Amino acid sequence: MGISSLTGYQIKDGLKIAALARKLKPDLPIVWGGYHPSLLPEQTVAHPLVDYVVRGQGELTFQELLAYFRGEGNLESINGLTYKKDGRPVSNPGRPPVDLDNFPPVPYSLVEAERYFCDDDLSARTMSFISSLGCPHECAFCCELAMFNRRWKGLSAERILDDVEKLVETYHLKGIHFVDANFFVNPRRTRKVCEGFIKRNLKIPWAGSGTAFQLSRYSPELWELMRESGLNRVFVGVESGSSHTLETINKAAGVADVLKLHELCRQYGVKMAFSIMVGFPFETAEDVDATMELVQKLNEPSRNYMDPFAFFLPYPGSKLYPEAVKSGFKDPRSLEEWTDFDFATFRGTWIDPKLKDRILQFSHFYLPLIHQEIPGWQKVLPTYWVRFLLRQMAKLRLSHKLYSFPVEWRVFQLYKAVAGRVRKSEAGSA
Ligand code: B12
Ligand code: SF4
């Protein structure tokens, strides 16, 4: 049985399934793969519900392991594998990733393909597509470096176009989202993809994730081509507006690159979605202020899509992990302990409570208030004048950095706590 897991709650589900499999068929080998087992293979394989860990790119290693189960070859010669020998973890040498064109397209016919479509701002039938593996950058909070050591392997442009064309023909795909770690690394490939979209008359909007470093260096001609081919949105990890933070987290793109990209997007009519990280152990209130300022600039002249700020969570394998442990993060020592690792609720204990409150005010309340995106906005604030007044207050607060006596924020928190309790008690009595 194969189980795939990122770091966090997926491990909990994986362990549940593994326990059930072990109960029903005790001699069935249980193989784990994916980011978490690859980053901590020996700790993972030490668990009684893990027999093998396939590290990194998994296709060939898994194929060889299956051959071993059929009686061919031996465990020692399978590169990229971690297993137990006399109860102790053993890791064979790693396996460098191979070109993705060697593998066949994702066989959607084996699954319920409809479940992989979503109705979003690109189209009513948008699908995600991964066209590359790895990333050449080495951001200190990211584990891509530990996984692929700055290597980047992309499907060829022809292969991407063939696969997309087939998806359009077979499943009536109407929008495509390249959710790679970094789609735009190779401008030549991007150019060929765009030319192919146009030549093959694939009239579908598309989006891709990349970095401000690469995208701000693309030529105006390539931007024009991307727009013409249907590029609707780019997603970039901006992370911070503070040069001090950006340098310390080793982000290749600086604030100037981000602003240049913002301008290019405005010029070519492409949406810019971006993510922000706060709460690094070394971060000061001034760093956070600079980030808030940049976020406001990036939301001009109109709002760009952005999730609430993500609080830094120390992922294993990242350069900042040991720093976080030094700053008080409790190093999980088993798969069970890793299940509590939650990107949605984690807030570093090193963050000053006043600063944390200010971040939450900005990211979870004032900014969504200005952009009318408080979940259930009309229901939470039913009266037009209340909404209008609060929006003006929020604008005033953000433009003048007035974060003292945040009465409306406290009332909102209280409302959410009470509404949450009412919902719980209603669910309990139903
Ligand atoms: C697409 C994507 C997303 C999508 C979809 C996520 C999802 N749950 O499917 C979205 C945008 C929603 C997303 C959100 C987040 N993501 Co994300 N995301 C990715 C991305 C870019 C691609 C993932 C992917 O599908 N790759 C393609 C598949 C084929 O690769 P793969 O899963 O690694 O599988 C290969 C091998 O690992 C192996 N393998 C995997 N499983 C198994 C199992 C067996 C049995 C075997 C033999 C082999 C094997 O074989 C496969 C083929 O080679 C990766 C980065 C990357 N380059 O992979 C980050 C990544 C997975 N995301 C990450 C993070 C941190 C997040 C967020 C927490 C961000 C945030 N703060 O909100 C959230 C959490 C989402 C969640 N809980 O699921 C981290 C995870 C780190 C970790 N240690 O777990 C990654 C690695 C990025 C990074 N470098 O930091 N993400
Ligand atoms: S650019 Fe993105 S994927 Fe690449 S190392 Fe930085 S955070 Fe990770």
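Helices here are DSSP runs of H or I with at least four residues, numbered from the N terminus. In this predicted model, helix α7 covers residues 187-199, and the end of α7 is followed by Asn 201, whose phi is positive, near 60°.

Helix α7 itself has 13 residues and reaches 18 Å from its first C-alpha to its last, close to the 18 Å expected at 1.5 Å a residue. Its buried residues are Thr 190, Val 193, Cys 194 and Phe 197. Seen down the axis of α7, these buried residues fall within an arc of 95°, so they line one face of the helix. That buried set packs against α6 (157-171) and α9 (220-228), whereas the face of α7 turned away from the buried side carries the exposed residues Arg 188 and Lys 199.

Buried in α12 are Asp 287, Val 288, Thr 291, Met 292, Leu 294, Val 295 and Leu 298. Because their directions from the axis of α12 fall within an arc of 165°, they line one face of the helix. The partners against which these buried residues pack are α10 (243-248), α11 (255-268), β13 (271-278) and α15 (353-370), while the face turned away from the buried side of α12 carries the exposed Ala 285, Glu 286 and Lys 297.

Which residues lie around ligand 2? They are Cys 135, His 137, Glu 138, Cys 139, Cys 142, Glu 144, Ala 181, Asn 182, Thr 211 and Gly 237, and this shell divides into four nonpolar, four polar and two charged residues.

How values were computed:
Residues numbered from 1 in each chain as written. Chains lettered and ligands numbered in written order. Predicted model: local features only at pLDDT ≥ 70, side-chain atom pairs only at ≥ 80, totals over all residues. Near = placed C-beta within 6 Å. Nonpolar A, V, L, I, M, F, W, Y, C, P; charged D, E, K, R; others polar. Helix = DSSP H or I, 4+ residues; strand = E, 2+ residues; numbered from the N terminus. Expected span 1.5 Å × (residues − 1). Buried ≥ 20, exposed ≤ 12 C-beta atoms within 10 Å, placed from the backbone. Arc of directions from axis to C-beta. Contact = placed C-beta atoms within 7 Å.
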